[in-house]
Amino acid sequence: QVQLVESGGGWVQAGGSLRLSCAASGRAFSSYVMGWFRQAPGKEREFVAAIRWSDGSTLYGDSVLGRFTMSREEDKKSGNLQMNSLSSEDTAVYYCAADKSPLTRFYYRDYGRYDYWGQGTQVTVSS
């Protein structure tokens, strides 16, 4: 089993930045993919970003490409999501997830593939 704990959420003004972190524990993580998803009230869960732990390759959702950057800290088994140029459209609960048997990059977007989920952290962007 893998335990995931998100941190770093909060309130920020439009145009500002936040960094989210996801700490993983419990199992070897070298072959996993760590992803971020978000869900706003009344909306479907949306893919944000993912990183393949073995080589650090990343994939981003269209709505955040160029503004968000995902990275990893291998020794700590921690993933970071740097969020810049935030707008009210980014307001949501952000969830960290882990896929223990990742397929190709295309499937990183599929929340149904992920085996473990954190409890989420709220990000609120004021206009």
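1. Let's begin with the surface. The chain exposes about 6500 Å², and carbon and sulfur atoms supply 46% of that area. Keep in mind as you read that this is a predicted model.

2. Now the overall build. You'll find eleven strands and zero helices here, so, because strands are DSSP runs numbered from the N terminus, the labels below go by that count. Read from the N terminus, the elements go β-β-β-β-β-β-β-β-β-β-β. The C-alpha trace spans about 40 × 25 × 25 Å along its principal axes. For 127 residues, a compact globule would have a radius of gyration near 14 Å, and the chain's 13 Å agrees with that.

3. What about the inside? Buried residues account for 45% of the 127 residues in the chain. Looking at contacts between residues at least 6 apart in sequence, 57% join residues at least 24 apart.

4. On to the charged pairs: the count comes to seven salt bridges. One of them has the side chains of Asp90 and Arg38 meeting at 2.8 Å, N to O. Asp90 sits in the loop between β8 (78-83) and β9, while Arg38 is in strand β4 (residues 33-39), so this pair ties together parts that are 52 residues apart in sequence. Are these two buried or exposed? Asp90 counts as buried, at 1% relative accessibility, and Arg38 counts as buried too, at 5%.

5. Asp90 has another partner: its side chain also meets that of Arg67 in a salt bridge (2.9 Å, N to O). Arg67 belongs to the loop between β6 (58-60) and β7 (68-73), and Asp90 to the loop between β8 and β9, so the pair links parts that are 23 residues apart in sequence. Both Asp90 and Arg67 are buried.

6. Lys43 is in the loop between β4 and β5 (46-52) and Glu89 in the loop between β8 and β9, so parts 46 residues apart in sequence are tied together. As for cover, Lys43 is partly exposed, with a relative accessible area of 47%, whereas Glu89 is exposed, at 55%.

7. Tyr107 lies in the loop between β9 (92-99) and β10 (116-117) and is partly exposed, with a relative accessible area of 35%. Patch residues need over 30%, so Tyr107 qualifies on that score.

Methods
Residues numbered from 1 in each chain as written. Predicted model: local features only at pLDDT ≥ 70, side-chain atom pairs only at ≥ 80, totals over all residues. Heavy atoms only, no water. Helix = DSSP H or I, 4+ residues; strand = E, 2+ residues; numbered from the N terminus. Buried < 20%, exposed > 50% of the residue type's maximum accessible area, 1.4 Å probe, protein only. Rg over C-alpha atoms; globule rule 2.2 N^0.38 Å. Contact = heavy atoms within 4.5 Å. Areas by Shrake-Rupley, 256 points an atom, 1.4 Å probe, with all protein chains shown as cover. Salt bridge = Lys/Arg side-chain N within 4 Å of Asp/Glu carboxyl O.
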